[in-house]
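Q: Hi! I have this model open on my screen. Could you walk me through it?

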Amino acid sequence: MAFDFATPVERRAPEGNYASQKWHRYAQDVLPLWVADMDFHSPPAVIDALQRRVAHGVYGYGEVPATLTAALCQWSAHHYAWTIEPEWQQWLPGVVPALHFAAMALTQPGEGVLTIAPIYPPFLAVAERTGRLAQQAMLAEPAAPGEPWQLDIAALEAAITPQTRLLLWCHPHNPTGRVWMLSELEQLAALVERHDFWVVSDELHCDLLLDEGARHRPLAALFP
Ligand SMILES: Cc1ncc(COP(=O)(O)O)c(C=O)c1O
């Protein structure tokens, strides 16, 4: 399949036609590097499939097709040697909505929802928006420029209180780019077992591994 990363795609003008948050939030001469929203065409297979669906002309209530849940099972088996079942899957409109649903499903109002920081900003809003208690622990800053951020397991443990019911985890981590090492995930799992709370692992960036030899390990596969 041919991918076109070279042809410029106009998303700025006329304002309104493309309704782009990226290009219309600030003045036109501001380079909108604040958001990870690319100006490439989607892959031809995606465009074709959407065009076929649009051509059908009727957009009633949809269903998650069995081919979709099966595709995720195959992907998981192929990339992670992890067998997952169609009935484990709950398809939602986005990952950020899923974080909110998880907080509401797994915790009671007033209970603690813990995040590590820095973090993709919507994580920080989940507790307040769902009427839960926002709890936060900082990662350890890089020891020197170019060094990685580190999981500070002591800081994470210090942030846990008897109210803590849920950790919103990001794996690989935005914004530090860390692909957590097995040893870090083992420390995390031990901590979670000691304190007995839920972990929701946002693995949206699992296919974006740039370091040679880096490997994604789904958290739920490692610690079922
Ligand atoms: C870690 C992380 N989770 C979720 C999202 C957004 O997910 P969605 O658009 O499916 O809500 C992003 C977008 O940058 C992200 O970096």
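Predicted model: local features only at pLDDT ≥ 70, side-chain atom pairs only at ≥ 80, totals over all residues.

Q: Good to know. What secondary structure does the chain have?

A: The chain has eight helices and four strands. Reading from the N terminus, the order is α-α-α-α-β-α-β-α-β-α-β-α.

Q: And which domains are assigned?

A: Domain 1 covers 1–62, and domain 2 covers 93–222. Their C-alpha centres are 30 Å apart.

Q: Let's look at the strands. In what order do they sit in the sheet?

A: The order is E2-E1-E3-E4, in an open sheet with parallel pairing. At the edges are E2 (133–138) and E4 (198–202), each of which pairs on one side only. On average, neighbouring strands are turned by 25° against each other, ignoring direction.

Q: How many bridges join E3 to E4?

A: Five bridges, and the two strands run parallel. If you want a spot to look at, Leu167 stands opposite Val199 in E4.

Q: Which strands does H4 touch?

A: H4 packs on the sheet and touches E1, E3 and E4. The direction of H4 makes about 175° with that of E4.

Q: How do H4 and H5 meet?

A: Their axes come within 10 Å and cross at roughly 35°. The crossing is right-handed. On the H4 side the contact is made by Val96, Leu99, His100 and Ala103, and on the H5 side by Pro122, Phe123, Val126 and Arg129.

Q: Switching to the inside: which residues of the largest nonpolar core touch the most other members?

A: That core has 29 residues, and the ones touching the most other members are Ile116, Leu156, Leu167, Leu168, Trp169, Trp180 and Leu188. Elements that give two or more residues to this core include H4 (95–106), E1 (112–117), H6 (153–159) and H7 (182–195). E3 gives the most, with five residues.

Q: What is Leu168 in contact with, leaving aside its neighbours within four places in sequence?

A: Leu168 is in contact with Leu99, Val113, Leu114, Thr115, Ile116, Phe123, Val126 and Val200. Among these, Leu99 belongs to the H4 side of the helix contact, and Phe123 and Val126 to the H5 side.

Q: Last one: how much of the chain counts as buried?

A: Of its 224 residues, 28% count as buried. As for contacts with a separation of 6 or more, 57% are between residues 24 or more positions apart.

Methods:
Residues numbered from 1 in each chain as written. Heavy atoms only, no water. Domains from an automatic or database assignment. Core = buried A, V, L, I, M, F, W, Y, C linked by side-chain atoms within 4.5 Å. Buried < 20%, exposed > 50% of the residue type's maximum accessible area, 1.4 Å probe, protein only. Contact = heavy atoms within 4.5 Å. Pairing = 2+ DSSP bridges. Axes fitted to C-alpha atoms, helices over the stretch in contact; angles between N-to-C directions. Left-handed = near helix turned anticlockwise from the far one by under 90°.
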